Amino acid sequence: MPYALVTGASKGIGKAIAMELASRKKDILLVSRNESQLKDLAVEINQKFGVRTGILSLDLSEKSAASRVFNWCKENGFEVDVLVNNAGYGLSGELNRHTLEEHLNMMQLNMGTVVEMVYHFLPELKKRPAAYIMNISSSSAYQAVPFLSVYAASKSFVLQFSRGLSVELEKTSVSVTSVSPGATDTDFVDRANMGQKALDLAKKFNMTPATVAKIAVNAMYSRKTEVITGVLNKL
């Protein structure tokens, strides 16, 4: 049976998507930087759902990361029919608050790695009778967001890339779904170094990762082009 491959799977929305897919008896490949968290998650998935798992600890912001993931799958005979590009993060504040290297690293992970993963896996996905690509964007993709300017722009790229790719693949077995969560109870705000006011505001609208994951997976299997999670986020 083919696997679902989930990037950024060790925590947050990525972990929740992996759990949701496993609950539907889907074998899972887990890719993230934190090896110990991946091992713990693999054990949890095995115990709860009895599906096969594979783990790969890797910094997906490295430019060679996508090809290494693809080669790992080929070397181990892992066939993939679901590709979930979830890994990503944000940086908040004025542009010069962070170094140029930090911005470029985020852009590579949020955009470059997404394109590279799709590029490498797409020929294999097209061979499947039904295959799915899920790209995690953000509700910030639909407008400019001061103090999250580069992050929001990177997620706009993911949204537009997904829309265009969806049309390209209309006559194939592969569907593309862009998922745009809003505020979600993850460590995104901590890594983004957002201020207390932003943290307090986010808590008022937070969705759980499990809720986001269920919406995302349902949309993917329904072959929807894009979905914004939550009524308030849609409004």
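**Ground rules.** I number residues from 1 along each chain as its sequence is written, and side-chain values use heavy atoms, leaving out hydrogens and water. Because the model is predicted, local features need pLDDT of at least 70 and side-chain atom pairs count only at pLDDT 80 or more, while totals for chains, interfaces and linings use all residues.

**Helix 1.** I took helices (H or I, at least four residues) and strands (E, at least two) as DSSP runs, numbered from the N terminus. Helix 1 covers residues 12-23, and its end C-alpha atoms sit 17 Å apart. That agrees with the 16 Å its twelve residues should span at 1.5 Å a residue, where the expected span is 1.5 Å times one less than the number of residues. After helix 1 comes K25, with a positive phi near 65 degrees.

**Burial.** I found nine of the twelve residues in helix 1 buried (under 20% relative accessible area, 1.4 Å probe, protein chains only). Among them are I13, I17 and L21. The buried residues of helix 1 pack against strand 1, strand 2, helix 2, strand 4, strand 5 and helix 8.

**Cores.** I looked for nonpolar cores, sets of buried Ala, Val, Leu, Ile, Met, Phe, Trp, Tyr and Cys residues joined through side-chain atoms within 4.5 Å. The largest has 36 residues, and L5, V69 and F121 have the most contacts inside it. Helix 4 gives the largest share of this core, seven residues.

Which residues touch L5? Leaving aside neighbours within four places in sequence, L5 is in contact with residues including L29, V69, M117 and F121 (contact is heavy atoms within 4.5 Å). I also noted a second, separate core of 32 residues, which includes L41, F49, I136 and A213.

Conventions
Buried < 20%, exposed > 50% of the residue type's maximum accessible area, 1.4 Å probe, protein only.
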